[in-house]
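Me: I would like to learn how to read a few features of a protein model, step by step. Could you give me the general idea each time and then show me the case at hand?

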Amino acid sequence: MDYFLTEEQQMIVDVARQITDELIIPQRAELDEKEEFPHEILGAIAQADLFGLYVPEKYGGYGGGCFEIVLALEQFGRGCVGVATSYAASALGIYPVLLSGSEEMKDKYLPEIVSGTKRAAFALTEANAGSDASGIQTTAVLDGDEWVLNGTKQWITNGGEAQIYTVVAITDKSKGARGASMFVVEDTDPGFSYGPKEKKLGIRASATRELVFKDCRIPKDRLVGRKGMGFIMVMKTLDLSRPGIAALGVGLGQAALDEAVVYAKQRVQFGRPIISFQAVQHMLADMAIEVEASRALVYNAAKHIAAHPESMSKASSMCKVFATDMAMKVATDAVQVLAGYGYMREYPVEKMMRDAKILQIYEGTNQIQRNVIGQELNKEYTRNS
Amino acid sequence: MKIVVCIKQVPDAKDVRLDPKTNTLAREGVASIMNPYDRHALEAGVCLKEQYGGTVTVLTMGPPQAEEVLRDAVACGADEAILVSDRAFAGADTWATTYTLAKAIEKLDGYDLVLCGKQAIDGDTAQVGPGLAQRLNIPYITYARKINECTREVIRLERMTDDGYDEVEMDLPALLTVVKEINEPRIPSLKGKMKAKKLQITTYTAADLKADPNCLGLKGSPTQVARVFSPEMRGDRSMITGTVAEQVEQLFEKLEDCLS
Ligand SMILES: Cc1cc2nc3c(=O)[nH]c(=O)nc-3n(C[C@H](O)[C@H](O)[C@H](O)COP(=O)(O)OP(=O)(O)OC[C@H]3O[C@@H](n4cnc5c(N)ncnc54)[C@H](O)[C@@H]3O)c2cc1C
């Protein structure tokens, strides 16, 4: 369907599509197999100016927002969600700086992100703090001109591959929801190290690691925004970035649909291409409807978020749930259409099915997103009655 | 450093046809692309610019629609684009082409290095690079596969040969033709595409070049195509299969049969 993109938005799609078709798709199976981080592809993405899509022009970026990165992520997701996650996690990691950082902080880090010389990562999750972020135990204590961090973050995307880490740590346990703060930790900071790389079901081109802080000392001015605002920044950051995860779902769903239709046209059983069987046709039709409906929702949610930063949550959660549940279903159905061949690594759909699962888990599980939507509905209807 | 890259718009090799009557390429309805070797020349130019500073000017001789390849080149990092276009240039062979390109390059505000692809995939002559250097009266090296160093005075590079490479050095200004081994051409960037869209393209006509009309286009082209034909397939082909040892044995048997 035509979404009436502007000429410049279409250029973003074209550049991202060319990178996807010429670099990501030819390499994805090998990167997955070897669990290899896509350095070269991220280099090409940087050279094509796509790391600056969401960064204001005054720091060298393109000056776009949620919608522009959604357009790029949809394409990358069509190629490989592992590669795309590595790109997306850098945006997630730098959003706290973009949203709440001081001018000096932005001047220092944003140009490095735009040029691709540095990547970012976002560190919230810990062993005992998944959906319930309030369970975090990493602490930051001010000691003279330095903050001293202690604790361990778990499953951090781009861990070991990023140079700039935004880390949430408790600064005052007694303050509850106002007890956490956001910090920037650099890869070279003393007392900062990594755990081993995780072995995963899918998105195996992405790197997921533990971050270990042992008396990690950082300068005082690495506090992002104000003390005690950590959890609020987390909410805003995730609200802004979730449509990107939804876009990965749209891209993956589209790719799975494409594979399934092409295969169904050429696979002959009982003397006919299997696409002529209604059971197969209807499956493909449902897949197509769901992909398109997701795209429409994600595009519009992203535009809504760009225009209404004060009310991001519901739109952000709705598009994330819908598009990523769709991706899981469509990828599973694509494997069903290709059946035995689909189950083999020779075809890309089994990887899509493995990769789709993470989209329902990270950046807040789809259950948690439904909680958010439910709470928002409750608030809205209380306000309106 | 001022770098000039000569690029050509060619029909996409995927759907090239010959017009059986005129024996010329039927270009109607065939997608056009930048000659693939020229893309490597452009990338080499842009890399040199990024490393040593300077500007990259792309130049193409062709019909007005050849503007597309110039915009493509700007999207991939070129700074300026010049379209050398005039009805009088039509039908040029490599002799007339090098004359015209040389005139256009001489009209520029100086240059240090001219880069060309080793050949164009439509004509396949590989004559334009060397011919152009001759016209400009500058030294040239063909089949460059790696540039080791480049200053405004001298360039050091590797030239690909059949069985390896030569390390060569040449004074600038000079001309290079490049092979595809020299680099991996980049994907156009977003900023490049935006710039390409807005770019004013300069056009040089025959009059602008103050060219001798007798040296241009068909008139200035000594080459005449007598006949174009597809060579007949000759000989039998067969595939040898099996282990390497079996294959070698079979091959020897076949060779012996041929010789006896
Ligand atoms: C590959 C990968 C990459 C990741 N990258 C990052 C990263 O870069 N940075 C980062 O900070 N984190 C990252 N994470 C962590 C991720 O965000 C968490 O895994 C996620 O938030 C869920 O937490 P959990 O896995 O501990 O699940 P739990 O919170 O233990 O949840 C278990 C189950 O219970 C359900 N559940 C829990 N609470 C509720 C509730 N109140 N209502 C209803 N259902 C509930 C959940 O939906 C889920 O089904 C990553 C995780 C993975 C697997």
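Reply: Let us begin with burial, for which a cut-off is needed: a residue counts as buried when its relative accessible area is under 20%, as exposed when that area is over 50%, and as partly exposed in between. Please keep in mind throughout that this is a predicted model.

Me: Is Glu363(A) buried or exposed?
Reply: Glu363(A) has a relative accessible area of 13%, and because the limit for burial is 20%, Glu363(A) is buried. The residue is found in the loop that joins helix 9 (349-359) to helix 10 (366-384) of chain A, and its phi is positive, at about 55°, although Glu363(A) is not a glycine.

Me: Which strand of chain B holds Tyr143(B), which also has a positive phi?
Reply: Tyr143(B) belongs to strand 7 (residues 140-150) of chain B, and its phi is about 55° even though Tyr143(B) is not a glycine. With a relative accessible area of 33%, Tyr143(B) is partly exposed.

Me: How should I read a pair of aromatic rings?
Reply: In general, a pair of aromatic rings is described by the distance of the centres and the angle of the planes. In this model the count comes to 14 aromatic pairs over all chains. One of them joins Tyr3(A) and Tyr299(A), whose centres are 4.9 Å apart and whose planes stand at 65° to each other, so the pair is edge-to-face, given that an angle over 60 degrees counts as such. This pair links distant parts of the chain, since Tyr3(A) sits in the segment before helix 1 (7-34) of chain A and Tyr299(A) in helix 7 (residues 278-307) of chain A, 296 residues apart. Tyr299(A) counts as buried, at 9% relative accessibility.

Me: What are the distance and the angle in the pair of Phe76(A) and Tyr87(A)?
Reply: The ring centres of Phe76(A) and Tyr87(A) lie 5.1 Å apart with 85° between the planes, which is again an edge-to-face pair. Phe76(A) is in helix 3 (residues 66-79) of chain A and Tyr87(A) in helix 4 (residues 81-100) of chain A, so the pair ties together parts that are eleven residues apart in sequence. Phe76(A) is buried, at 0% relative accessible area, and Tyr87(A) is buried too, at 1%. Elsewhere, ring pairs join Tyr165(A), Phe192(A), Tyr194(A) and Phe213(A) into a cluster.

Me: Which charged residue sits over the ring of Trp95(B)?
Reply: Here one looks for a charged end placed over the face of a ring. The charged end of Arg135(B) sits over Trp95(B), 4.3 Å from the ring centre, while in chain A, Lys303(A) lies over the face of Phe67(A), 4.8 Å from the centre of that ring.

Me: How do helix 4 and helix 5 of chain A lie against each other?
Reply: For two helices one asks about the distance of their axes and the angle between them. The axes of helix 4 and helix 5 (residues 103-115) of chain A come within 10 Å and cross at roughly 160°, which means that helix 4 is roughly antiparallel to helix 5. The crossing is left-handed. Where the helices meet, the residues from helix 4 are Ser90(A), Ile94(A), Val97(A) and Leu98(A), and those from helix 5 are Met105(A), Lys106(A), Tyr109(A), Leu110(A) and Ile113(A).

Notes
Residues numbered from 1 in each chain as written. Chains lettered and ligands numbered in written order. Predicted model: local features only at pLDDT ≥ 70, side-chain atom pairs only at ≥ 80, totals over all residues. Heavy atoms only, no water. Phe/Tyr/Trp six-rings, centres within 6.5 Å; stacked < 30°, edge-to-face > 60°. Helix = DSSP H or I, 4+ residues; strand = E, 2+ residues; numbered from the N terminus. Buried < 20%, exposed > 50% of the residue type's maximum accessible area, 1.4 Å probe, protein only. Lys NZ or Arg CZ within 6 Å of the ring centre and 35° of its normal. Axes fitted to C-alpha atoms, helices over the stretch in contact; angles between N-to-C directions. Parallel < 35°, antiparallel > 145°, perpendicular 65-115°, else oblique. Left-handed = near helix turned anticlockwise from the far one by under 90°. Contact = heavy atoms within 4.5 Å.
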